[in-house]
Every structure is written in C-alpha cells, then in structure tokens.
Amino acid sequence: MEVLNQDVHGKFEVNFTGETVIKAVGPLPEPHIISLSNLDLLSGRFPVTYFYFYSRSLLYDFISVIEDLKSSLAKTLNLYYPFAGRIVENSNTNEPEIVCDNTGALFVEAHANIPLKDLDFYNLNLSLQGKLVSINPEFPCQVQVTNYTCSGISIAFTFDHALGDASAFARFLVSWSEIALKSPISSVPDHRRNLLARCSPRYDPELDRIFVKCTMEEILNIPTMKTLVKRLYHVDVSSISHLQKLACINGRRRTKIEAFSAYLWKVMVKAIDEKHETCNMGWLVDGRARMSGGQNSMSNYIGNVLSVAIGEASVVELKQDSISDVANIVHQAISKVANKAHFLDLIDWIECHRPGLMLSRTVLGLGGPTLVLSSGRRFPVTELDFGFGAPVLGTVCSTIERLGVGYINQRQSANGDGSWIMSAILWPELAAALESDSILQPMTAAHLQL
C-alpha cells in the first residue's frame, strides 16, 4: 500500500498507509441542517481526541481489524448521522451548523515501527499530533488506527466539539462497540438539540463575569504566554483514598474529585507568578441530570450540556489552609453550578448574546491563572471492546496548541483497581510542581502491564 506520509521523532516512526471516507449505511433522514443549541455555542469548537491502546490480539490480524472497524463504523453512523455530516458557518448568523448530508467520517490507517511497550506514554507532545492523531478540519469525526510491531493497536477518535460533549461521545463509542460485537444497542441517540431559552430570557448577572461573547478567530488566537506541555499521569488508588481522608477530616463528606482538586489547587499556587494575589480552579459540569431533575431522561441527548464552575481563592489562603478547608471551597464553587437554575440561566444568557460563539473568560485567558479539571469517571474505558479485547488504556487529549488555562482530565484506569489516569495540558512550571511529588506519576508501559 502506498505510503501517504511519514513522521519521525528519533526512532519513533509512523507511516500513514491509507485514508477512507466512511459513509453511513442504511436508511437515513433526508439531507437537512441541524442548528446548534445555545449550549453548543459554548463549546469553543475545540477538537477532542479520545485515544485507546490495545495489546496484542492473537485472534485478529490487522487487515481483519480494519475491515471490521470500517463496517461497524458505517452502521454506527446510521444512528449518529450528524457525525457523518459537515460543520459550516451560517452566512447570516456566523454561527456553526451541522449539514447532515452523509459526507462521511475520515478513517486513517497507520503503522508504527516500535512495539507498544516502547511508546512514550508520558510525553504526549511527542506521541500524539502528527503521529497517533490525524486532524483534517473537513471532517468533524475522524478515526486513526495504528498498528505496532507487537501487533498491538491504538485507536484515536477525534471529534469537533460542536458535535457534542464527553457524554455524547461516550454514547457514540459505546454504540460502535456494541455494533462491532453484534450486541443489542443499549441506547438510542436523541438528536433534537431542544434546549431552548425561556420565553422571557433572564439570568443571574454573575454570568456576565464568567462568560463572554467571542469569535472563532479569538478562540484560535487565545493568548498563551508559555508553550503548554501535554502529559499523561498515573494516580494510585492509595493516593486518592489518602487525599479524600484528609478532605473529610472535619466530618464533612467530600468526593474524591473535590479532595483531589484541593490538592491540585494547593500545588498550583507554587507554580504561578508571585505578582498574582489570587488564582482560580474550574470544573466542567454536565447538566443532563440537573436539567432532568435527577431522572436522567436526557442521558441519550447528543449535543453539549456543559457549564464551567469557577472558584477563586487568595494565594495566602491556599498556602495556609488544609486540604479539608480548600475542599470546602471546591465544594461550594461546584454546588453553585450543579443545579437546574444555573443551566436555565446560562441558556438564557447565551440567547441574549446571540448570534455568535461564547466561552468562559478564563478559557480565553482573561481570568488570571486557572487550572480546569474535568472528571470522566463515567466515561467508558474497558467497555470499548470492538472484538479484539478490552483496552489497556483509554484517555483523552486535544491537539490544540493555545489555551488560556491549564487543563486536567481524569479517567478510570483500565486496571480496574480504582486508580486514575490523568491527561494534562499544563504550563511547564505547574507540570514540574506536580511531578515534584509522588502522587502524579509519569505514565509508563509498566503501569499498563505491557
């Protein structure tokens, strides 16, 4: 097969050997346009990549794997037909919209010249973009499957954020896995994007301080003072349990994420310029359960239902307070956003500022030093078996180069022992501060038992 491209870093080479456009098969709706919901306009259009690694399969050769994945993807796109469409800008509103015309998803095949155990799992700057992740802006959904000399496989799934958020992409990937295994489909996607503003829009004025209207050009040119580093870490279950115990020491029940956030925030103050008197943390909050009153009736909703909670604290306070005290600040900040009233207000705020895109001021780099944490504890990891076994690693990253905040995403380890995988986009001083402790361990093949 013809070599389309070759990228080399040291001894690590990836040959791109094929590209195929996969179209949905089976009956489809007539071609039409899906207008984005208000919350979709808050997504920033950032590319989101989920990458999974599979150890050697004795039952399948690479050609069979590729053909089975293509076939099952085509069937999955029938259910998730917007993912096979195009995202274009409406000339009247300058807002993105999804043209559902079955243009297709891009499927890329590649071969690496190393065994999986020799891959640098820690330094994602070296491993991902241009090697294990292909980005073609013409396709809002694209997949790269890479074969290793040990017969291991990696699969990178990249989505335009306008298609949805982590919950939506999780549904897509689980459905694809179920179709590949010829299992019953566990959920039917809801593509209505029916999160509408109230008849008389109204909102808490505090939202004006947190969010701002912006353009795609401003998003692409977010001011970034330093080159961001992309890292992958392992966090042992014993460290997670210890931090939660410290956070609950005053008798208040705090979640693992709240406890870990308190730890991160206290480390973060060591890695910011001394001129700053305060620093922030942020948390992505999924509004599905909040909007549906806890009944989870929106669990199959495909689109974006995210907001961001921002907590601010003084540097002096963060340095002096205990993990328990800081965890209380975390809990209060998240609680302000994790409710139906906030999401109704946010939808109305966006309505009052349309047309155009919106974003958190901090993500645009307008809010001072900020670290945003996203919890993916419900995101499928070992569930993504496409017929050649469960993955040894599943996590997320992005190919973006400019971001106004540091970002950490938490996933469950495929080991199943309660440990976490943390994917991070950080400024170098924060990475160094985190690595000076033993809690975030640079990811190695040994952690994955390769």
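This is a predicted model: local features need pLDDT of at least 70, side-chain atom pairs count only at pLDDT 80 or more; totals for chains, interfaces and linings use all residues.
The lining of the second largest pocket divides into 15 nonpolar, nine polar and six charged residues. In this count, Ala, Val, Leu, Ile, Met, Phe, Trp, Tyr, Cys and Pro are nonpolar, Asp, Glu, Lys and Arg are charged, and the others, Gly among them, are polar. Residues are numbered from 1 along each chain as its sequence is written, and side-chain values use heavy atoms, with hydrogens and water left out.

To return to the pocket, its space comes to about 640 Å³. Of the 30 residues that line the second largest pocket, the closest to its centre are Arg 45, Phe 46, Asp 160, Met 216 and Leu 220. Two or more lining residues come from each of β5, β9, β10 (211-214) and α5 (216-220). Helices (H or I, at least four residues) and strands (E, at least two) are DSSP runs, numbered from the N terminus. A pocket is found on a 1 Å grid over the protein atoms alone, as an open set of points with protein on both sides within 12 Å along at least five of seven lines; a cavity is a set of points where a 1.4 Å probe fits but cannot get out, and lining residues have an atom within 4 Å of a point. Grid points are joined across faces, edges and corners, and a volume is the space filled by probe spheres set on the points.

How many cavities of 30 Å³ or more does the structure hold? There is one. The largest cavity has about 40 Å³ of space. Its lining consists of His 234, Val 392, Leu 393, Ser 413, Ala 414, Asn 415, Ile 421, Met 443, His 447 and Leu 448. By class, the lining of the largest cavity has six nonpolar residues, four polar and no charged.

I turn now to the strands. Strand β4 (residues 47-54) is mostly covered, with seven of its eight residues buried. Buried means under 20% relative accessible area, exposed over 50%, and partly exposed in between, using a 1.4 Å probe and protein chains only. Strand β4 runs antiparallel to β9 (residues 153-160), and eight bridges join the two; two strands pair if DSSP finds at least two bridges between them. Within this pairing, Thr 49 has Thr 158 of β9 as its bridge partner. Strand β4 also pairs with β16 (residues 393-397), in the antiparallel sense and over five bridges.

Next come the cysteines. The count of disulfides is zero, a disulfide being a pair of cysteine sulfur atoms within 2.5 Å. For Cys 397, the closest cysteine sulfur is in Cys 141, 18 Å away, which is too far for a bond. Cys 397 is buried, at a relative accessible area of 7%, and Cys 279 is buried too, at 1%.

Finally, some individual residues. His 111 is found in strand β7 (residues 105-112) and is partly exposed, with a relative accessible area of 30%. The C-alpha atoms of His 111 and Thr 17 are separated by 7.3 Å, although the two are 94 residues apart along the chain. A cis peptide bond, with omega about 5°, joins Arg 354 and Pro 355; Pro 355 lies in the loop between α11 (340-353) and β14 (357-360).

Asn 102, in the loop between β6 and β7, has a phi near 60°, a positive value in a residue other than glycine. Is Asn 102 buried or exposed? Asn 102 is buried, with a relative accessible area of 18%. Gln 449, in the segment after β19 (441-442), also has a positive phi of about 60° although it is not a glycine, and Gln 449 is exposed, with a relative accessible area of 66%.
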